[in-house]
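Dear colleague,

Please find the structure handed over below, together with its sequence. I would be grateful if you could read the notes that come after it alongside the coordinates.

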Amino acid sequence: MNYKETVEYLFNSTPVFEHVGASAYKEGLSNTLALDEHLGHPHKNFKTIHVAGTNGKGSCSHTLAAILQSMGMKVGLYTSPHIVDFRERIRVNGECLSEQYVVDFVEQHRSFFEPLHPSFFELTTAMAFRYFADQKVDIAVIEVGLGGRLDCTNIITPELSIITNISLDHTQFLGDTLAKIAGEKAGIIKEGVKVVIGEDVEETRPVFEAKAKEKNAPIVFAQDYPEVLCSEACAEGGRNYETLNFGMIHGDLSGDYQERNMNTCLIACKVLGLKKENVIEAVAHVAERTGLVGRWMKINESPLAVCDTGHNVGGWKYLAPQIKAQKCEHLRIVFGMVDDKDIDSVMEMLPKNAIYYWTQATSHRAIPKEIVADKGRTHQLEGNIYNSVKEAYREALKDASNDDFVFVGGSSYVVADLLS
């Protein structure tokens, strides 16, 4: 098989959460442990940082990877989902693994893993750990896929665990309260390993405290030590941050929500004892050094158009006010969501004065565009239906004057279709 055929084989022969949702979720670590043993326990050959949370874990993972690279380390980065190419999930110093490595891995190991019937994520995680060992990375930043306790990344014992925040998402797997979800995320806390909690609320703090105590793990709540005092968006992109101990710093990632992510990352850097100059230099070049896309990402200059992968209530809590605050003549929003998200709660936050371009991504889990439009009408949101993200975006640009603002989002898969 060539690379294209191999990726199609991975998508079609293993349950893929991005495609089929709940049926791809495999509870427990039996497959992961079997794959790990077969591959020679590769995760034991390099240090790791483990990042969980409902929102912000991707931005934090990429930021920490960029900072570690600036220190001269060879850094692995494992994140999900990918936006355009499967290989985006597995990087070393920002470079994706080769197409040939993916082909060879599947060919060499399929006789072992096919009888196991692993999920797509289980197999991809095993590939990532083997690749990082083969590349002899110094350290790898590992983003949790879903939850924490039973996530297949949870066989590692990291140098630091990070839990960015908790909000109601994937409730069918993780529980229907913040405390239950926090309990699942807290499953990454390991014996004696420091843990940083980015954001907490009254319901989640006791859960984290209890787990940390049980595991003798020193715990730091980033909200108790506000390193970021304030921030503001830059006209040219990114944000400027006024900080307590790092001075004024510039970050290249845009989006109001990055202020909280930056605070989490800076506290993590202090816990890890990373040098101030490396941190300051690296946060200005995160996207360039790690390949991160889709976070309040400018895709057109005039009219200004932005896309963002925010896809749940926790993410839209920050996105909606930022969209509403845009100074423009007309606000145009290309929007679609997938079927396991709370679309009504998100739509309740959307601006009523916008013109909507309802659409659906090519994912099997995309909510049909007609249903999205019907939902919109019940929330007093008006617009037309388009067959594809590409068509909806083209129409929005065609309708827009230079003084308008166009936003594309609602789902990672909407952004993926756009950038593809």
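Predicted model: local features only at pLDDT ≥ 70, side-chain atom pairs only at ≥ 80, totals over all residues.

Residues are numbered from 1 along each chain as its sequence is written, and side-chain values use heavy atoms, with hydrogens and water left out.

Nonpolar cores

A nonpolar core is here a set of buried Ala, Val, Leu, Ile, Met, Phe, Trp, Tyr and Cys residues joined through side-chain atoms within 4.5 Å. Buried stands for under 20% relative accessible area, exposed for over 50%, and partly exposed for values in between (1.4 Å probe, protein chains only). Helices (H or I, at least four residues) and strands (E, at least two) are DSSP runs, numbered from the N terminus.

The largest nonpolar core has 35 residues, and L10, F86, I90, M127 and F132 touch the most other members. At least two residues of this core come from each of α1 (3-13), β3 (90-92), α5 (99-113), α6 (120-134) and β5 (139-143). The most is given by α6, with 10 residues. A second, separate core holds 33 residues, including V51, I249, I267 and V279.

Two buried residues

S161 is part of strand β6 (residues 160-163) and counts as buried, because its relative accessibility is 0%. A polar atom of the S161 side chain lies 3.4 Å from the backbone oxygen of I188. Contact means heavy atoms within 4.5 Å. Beyond its neighbours within four places in sequence, S161 is in contact with H50, I188, I189, V193, K194, V195 and V196.

T14 is found in the loop between α1 and α2 (17-20); this residue is buried, with a relative accessible area of 8%. Its C-alpha atom is separated by 6.8 Å from that of H117, 103 residues apart along the chain. Not counting residues up to four places away in sequence, T14 touches Y9, P118, S119, F120 and L123.

Backbone

Most residues other than glycine have a negative phi, and most peptide bonds are trans. Against that background, a cis peptide bond joins S80 and P81, with omega about -10°; P81 lies in the loop between β2 (75-78) and β3. Another cis peptide bond joins S302 and P303, with omega about 5°, and P303 is in the loop between β12 (297-300) and β13 (304-308).

H41 has a positive phi, near 50°. It sits in the loop between α3 (30-38) and β1 (47-52) and is partly exposed, with a relative accessible area of 31%. Q380 has a positive phi near 60° and belongs to the loop between α15 (369-378) and β16 (383-385).

Salt bridges

The structure holds 20 salt bridges, each being a side-chain nitrogen of Lys or Arg within 4 Å of a carboxyl oxygen of Asp or Glu. Among them, R205 pairs with D200, the closest N and O atoms being 2.8 Å apart; R205 is partly exposed at 21%, whereas D200 is buried at 10%. In the salt bridge of D85 with R87, the closest N and O atoms are 3.1 Å apart, and R87 is buried, with a relative accessible area of 17%. For R110 and E114 the corresponding distance is 3.2 Å. Salt bridges that share partners join E107, R110 and E114 into one network.

Yours sincerely

Terms used
Polar contact = N/O pair within 3.5 Å; in protein donor to acceptor, adjacent residues only side chain to side chain.
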